[in-house]
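Look at the sequence and the model below.

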Amino acid sequence: MAIDPICGMTVDEASALPAEHDGETFYFCSDHCRQKFLSTPVTAKSEEIPQGKAIYTCPMHPEIEQDRPGDCPKCGMALELKTVTAGPDDGENAELHDMTRRFWIGAALTLPVFILAMAHLIPALARQSWADSHTSRWLQFALTTPVVLWAGWPFFRRGWRSIMTRHLNMFTLIAIGVGAAFIFSAVAMLMPDLFPHTMQHEGKVAIYFEAAAVIIVLVLLGQVLELRARSRTGSAIKALLNLAPPTARYVAEGGDQEVPLDQVKVGDRLRVVPGDKVPVDGAVVEGHSSVEESMITGEPLPVEKSVGDKVTGGTVNGPGSFVMLAERVGSDTLLGQIVNMVAEAQRSRAPIQGLADKVAGIFVPVVLAVSVLTFVIWMWLGPEPKLAHAIVNAVAVLIIACPCALGLATPMSIMVGVGRGAQEGVLVKNAEALERLEKVTTLVMDKTGTLTEGKPKLMDILPTGGFDSKDFLRLAASLEQNSEHPLAAAIVQGAKEQGIVFEAVKDFRSVTAGGVLGTVADRAVMIGKPDFLRDEKITGLEQLEAAAVKLQEEGKTAMFVAIDGKPAGILAVADPIKSTTTEAIRDLHALGLKLVMLTGDNHRTAAAVARQLGLDAVEAEIEPAGKVAHIKKLRAEGTHVAMAGDGINDAPALSEAEVGIAMGTGTDVAMQSAGITLVRGDLRGIAKAIRLSRATMRNIRQNLFFAFLYNSLGIPVAAGVLYPFFGLLLSPIIAGAAMSLSSVSVISNALRLRKVKL
């Protein structure tokens, strides 16, 4: 990275514009800066950001980086830290704290200004002697001055920089509009004789301190809301980092030693005891256990681990104990890679480029040009006093372009829309998520916990050889109540739901990756895989295996049961599809979305679920990196992609997609990585969120149209085009009325979102 010697922006040497001077290469953010340098070279050396030093970046322009806090030279937003570390939060964002303080103090000072300014329009107050007195005007001036010069100072600073760097943005418009309204009002009050008599009433010229103060407070409110949303950006990464245990049990000659995780090296032998998290990636070298790997696969079933099997850092060990050999540590672990993927996706995400900023890029220079042209024409052709008329009309152009309604247009729609979504159980993280969701054409979904319930359930009881269904289940469930396996828990729960009374168990034994056996009510009972039963001398399983094929094609897990040395039947367990999923899929197809399922589950189960639901495509046995790669591929093809998931393994994909949608019944990491959270974990909420997004963005465009319409229509009148024909000049009162009318239109239109049907 290097520093642009003209504007001070940190730029990437690979993509920046270079120029040579005195044998040294300098890098520039734009051709404007490069040409200015070539015409008048500066000799200040470009600085590189030292390795390991904190880097600050712009959330809207990730290419902007520097080693200190500040404002983005392109959009004016405050820069924020690029990296996030594990551990507790570092406290409130300094920029958020500053803007919040400015907002509350500014609001407290603005309220009396607004009341004083509007008093002459309220019949009960208009009759009061103070309503339009000199005292009232001086109070407005005294109260507005700190609002504009202190509370609004960051906007003037950013607006000035936007002009100097030629990156015109919202702050340019705010600074010009507020500055014009305040300066015009101050001059009108302090030196009214400068203005023509047509602009005076009883020796007083209209003032607009309330317009300047209200704009500052409204923009500050928008900044506070935006900063609060941005302050949570790093919480997903922090939650991921905190999945890894802070320490590991190092196996030494004198006994186990607890060491900090960052001291673990490749080749170390580490002990993992029951309930511990696996510290790093590696392989089991002693012992065996079952490890819950849902953070990687999304599947709720623990995976049996014995000597030679791979284990992953951050996963949770079950009842056994084992010694592992560390193979990948630090950022090289799978968890570290997931963290990097989430961070990269969040940084590369194109932020919301509000319609207001886009239009302002054209609107601002046009308004400035019209204002200057107005001044020149009135100085050249206007009546005496020419200077006063020129100033009045030039400033009138700027006042009517003041972005009061523009400050309300987007925040009002967003606030109402987000509130409407919350009523329906759709939580929106920020305005960016709503804007992106409107354009989504493909929805990528995880299976477990998203389309399905997320936990195994007893689905089929298939006894053979004359066994009664209840007796068969009673014997099997009685044996399984001694097991800690989730499949066993599903059988036990299924038996409880049928009112089964359990029997005592003798000689219980569990075989890793095989099954369980024991004596129940003086009968020998075995449950497990076919190979396990054969190892225990059970024959004649062919008929049960044939029956199991159909169950497996339906996405179910078949467990074989033998009683008294003979095959007795099958118990089928599956993760059932949510009752609301079918309706949700139908709604999403009706909205024109292509539906794709990405899952870590096996091909047969995934295909069964996809076939039952009528999904458009399915990818099975896919890891977190594979999900991210698939979404990147879809986006590279020009597809607008949303991702719905609920597990830790879904976090990178949720961040990579243009919009991440998390199930409220899932993990915190998934919810923090997503822009939308469905509180009820109900996929029908996605259809509601899409309808809400489309309605909100349509409402915002309407608001921006209203906001600019009145101002734009008034600009020619403010410039004085009607004066040669009718002798009319635009009164600042009319300018103020136009701003008020546009604000009322914007607010009224935004409130319609409260009744939108989702």
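**Buried residues and helix packing**

Apart from neighbours within four places in sequence, His-630 is in contact (heavy atoms within 4.5 Å) with Val-596, Leu-598 and Glu-619. The model is predicted: local features need pLDDT of at least 70, side-chain atom pairs count only at pLDDT 80 or more, and totals for chains, interfaces and linings use all residues. Residues are numbered from 1 along each chain as its sequence is written, and side-chain values use heavy atoms, with hydrogens and water left out.

- His-630 is found in helix α21, residues 624–636; helices (H or I, at least four residues) and strands (E, at least two) are DSSP runs, numbered from the N terminus.
- His-630 has a relative accessible area of 18% and is therefore buried; buried means under 20% relative accessible area, exposed over 50% and partly exposed in between, with a 1.4 Å probe and protein chains only.
- Thr-639 sits in the loop between α21 and β28 (641–645), and its relative accessibility is 17%, so Thr-639 counts as buried.
- Leaving out neighbours within four places in sequence, Thr-639 is in contact with Thr-441, Thr-442, Leu-634 and Glu-658.
- Leu-220 lies in helix α7, residues 209–230, and is buried because its relative accessible area is 0%.
- The C-alpha atoms of Leu-220 and Phe-103 are separated by 5.5 Å, although the two are 117 residues apart along the chain.
- Not counting residues up to four places away in sequence, Leu-220 touches Met-99, Arg-102, Phe-103, Ala-151 and Phe-155.

**Helix α2 with helix α4**

- Two packed helices are described by the angle between their axes and the distance between the axes.
- Helix α2 (residues 94–118) packs against helix α4 (residues 134–151) at an angle of about 155°, with the axes 9 Å apart; axes are lines fitted to C-alpha atoms, for helices over the stretch in contact, and angles run from 0 to 180 degrees between N-to-C directions.
- α2 is therefore roughly antiparallel to α4; angles under 35 degrees count as roughly parallel, over 145 as roughly antiparallel, 65 to 115 as roughly perpendicular and the rest as oblique.
- On the α2 side, the residues making this contact include Ile-105, Leu-109 and Val-113, and on the α4 side they include Leu-139, Leu-143 and Val-147.
- By class, the contact of α2 with α4 has twelve nonpolar, five polar and two charged residues; Ala, Val, Leu, Ile, Met, Phe, Trp, Tyr, Cys and Pro count as nonpolar, Asp, Glu, Lys and Arg as charged, and the others, Gly among them, as polar.

**Helix α5 and its partners**

- Helix α5 (residues 153–164) has twelve residues and reaches 17 Å from its first C-alpha to its last, close to the 16 Å expected at 1.5 Å a residue; the expected span is 1.5 Å times one less than the number of residues.
- The buried residues of α5 are Pro-154, Phe-155, Phe-156, Arg-158, Gly-159 and Ser-162.
- The axes of α2 and α5 come within 11 Å and cross at roughly 120°, so α2 and α5 are oblique to each other.
- That contact is made by Glu-95, Met-99 and Arg-102 of α2 and Trp-153, Pro-154, Phe-155 and Arg-158 of α5.
- α4 and α5 pack at an angle of about 50°, with their axes 5 Å apart, so α4 is oblique to α5.
- Val-148, Leu-149, Trp-150 and Ala-151 of α4 meet Trp-153, Pro-154 and Phe-156 of α5.
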